[in-house]
Amino acid sequence: MGRGKSVGPDLTSIGRQVTVADLERKLSNPGAQVSDGYALVTVKLSAGATVRGFARKETLHGLQLQTTDGRLLLLAGGEYQMVSRDKGSAMPALKATPEEHRNLVAFLSRLGGLKPGPLPGDGDPIDAAAIDQILHPKPGDWPTYNGLVSGQSP
């Protein structure tokens with residue numbers, strides 16, 4: 001329902017993002033293809049300590065690492081010495097009866113996302129004017145990542 005966790009993705013729209021065959025493969029063998037941002041790594045810091053987490057983004061000059069407890073570390077090239085990648089996935093293969101497997105795939109394959117706006121069940125009062133400004137920005141305003149609610153560039 002739009003609330004992925006720091007170490008797991010939001011699956012609200014997974015049914016629009018992958019095919020049923022892809023879902024089957026990912027549940028049966030998650031390590032066969034690890035999605036970008038979910039590669040588990042161990043990083044040796046220049047100070048000598050090591051830290052483990054997910055390589056959210058890596059460039060020639062730095063690493064965005066989210067630790068397994070959810071902290072975000074933005075490391076410049078000189079702050080770490082080595083990045084060791086784990087083979088496989090942090091997600092274990094699904095262990096379920098054939099009926100449970102079928103039901104899970106059926107459920108996930110039907111997830112088509114949420115309409116833009118406040119998440120259902122939020123306890124905070126809804127500021128309709130602020131939401132409208134995000135959903136219908138004035139020309140020149142850039143209220144969201146890449147300027148669109150979807151986060152995709154136009």
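This is a predicted model: local features need pLDDT of at least 70, side-chain atom pairs count only at pLDDT 80 or more; totals for chains, interfaces and linings use all residues.
Author: Residues are numbered from 1 along each chain as its sequence is written, and side-chain values use heavy atoms, with hydrogens and water left out.

Reader: What makes up the secondary structure of the protein chain?

Author: The protein chain has 4 helices and 5 strands, in the order α-α-β-β-β-β-β-α-α from the N terminus. Helices (H or I, at least four residues) and strands (E, at least two) are DSSP runs, numbered from the N terminus.

Reader: Why is Gln-66 called buried?

Author: Buried means under 20% relative accessible area, exposed over 50%, and partly exposed in between (1.4 Å probe, protein chains only). Gln-66 has 13% relative accessibility, so this residue counts as buried. Gln-66 belongs to strand β3 (residues 62–67). Across the 154 residues of the protein chain, 19% count as buried.

Reader: How do you know that the side chains of Gln-66 and Arg-56 are joined by a polar contact?

Author: A polar contact is a pair of N or O atoms within 3.5 Å; within protein, one must be able to donate a hydrogen and the other to accept it, and residues adjacent in sequence count only if both atoms are side-chain atoms. The side chains of Gln-66 and Arg-56 are joined at 2.8 Å.

Reader: Why is Ser-13 called buried?

Author: The relative accessible area of Ser-13 is 14%, and therefore Ser-13 is buried. Ser-13 sits in the segment before α1 (14–17), and a polar contact of 2.9 Å links its side chain to that of Gln-17. Leaving out residues up to four places away in sequence, Ser-13 touches Leu-111, Gly-112 and Gly-113, where contact means heavy atoms within 4.5 Å.

Reader: Why is Gly-112 called partly exposed?

Author: Gly-112 has a relative accessible area of 38%, so the residue is partly exposed. Gly-112 lies in the loop between α3 (98–109) and α4 (128–135). Apart from neighbours within four places in sequence, Gly-112 is in contact with Thr-12, Ser-13 and Arg-16. The C-alpha atoms of Gly-112 and Gly-15 are 5.4 Å apart in space, although the two residues are 97 residues apart in sequence.

Reader: Why is Val-83 called partly exposed?

Author: Val-83, in strand β5 (residues 80–85), has a relative accessible area of 22% and is therefore partly exposed. Not counting residues up to four places away in sequence, Val-83 touches Val-41, Thr-42, Val-43, Glu-58 and Leu-63.

Reader: What makes up the lining of the largest pocket?

Author: On a 1 Å grid over the protein atoms alone, a cavity is a set of points where a 1.4 Å probe fits but cannot get out, whereas a pocket is an open set with protein on both sides within 12 Å along at least five of seven lines; lining residues have an atom within 4 Å of a point. The largest pocket is lined by 25 residues, and Pro-9, Leu-11, Ser-35, Tyr-38 and Met-91 lie nearest its centre. Two or more lining residues come from each of α1, α2 (20–28) and β2 (50–59); α2 gives the most, with 4 residues. The lining divides into 14 nonpolar, 6 polar and 5 charged residues. Here Ala, Val, Leu, Ile, Met, Phe, Trp, Tyr, Cys and Pro count as nonpolar, Asp, Glu, Lys and Arg as charged, and the others, Gly among them, as polar.
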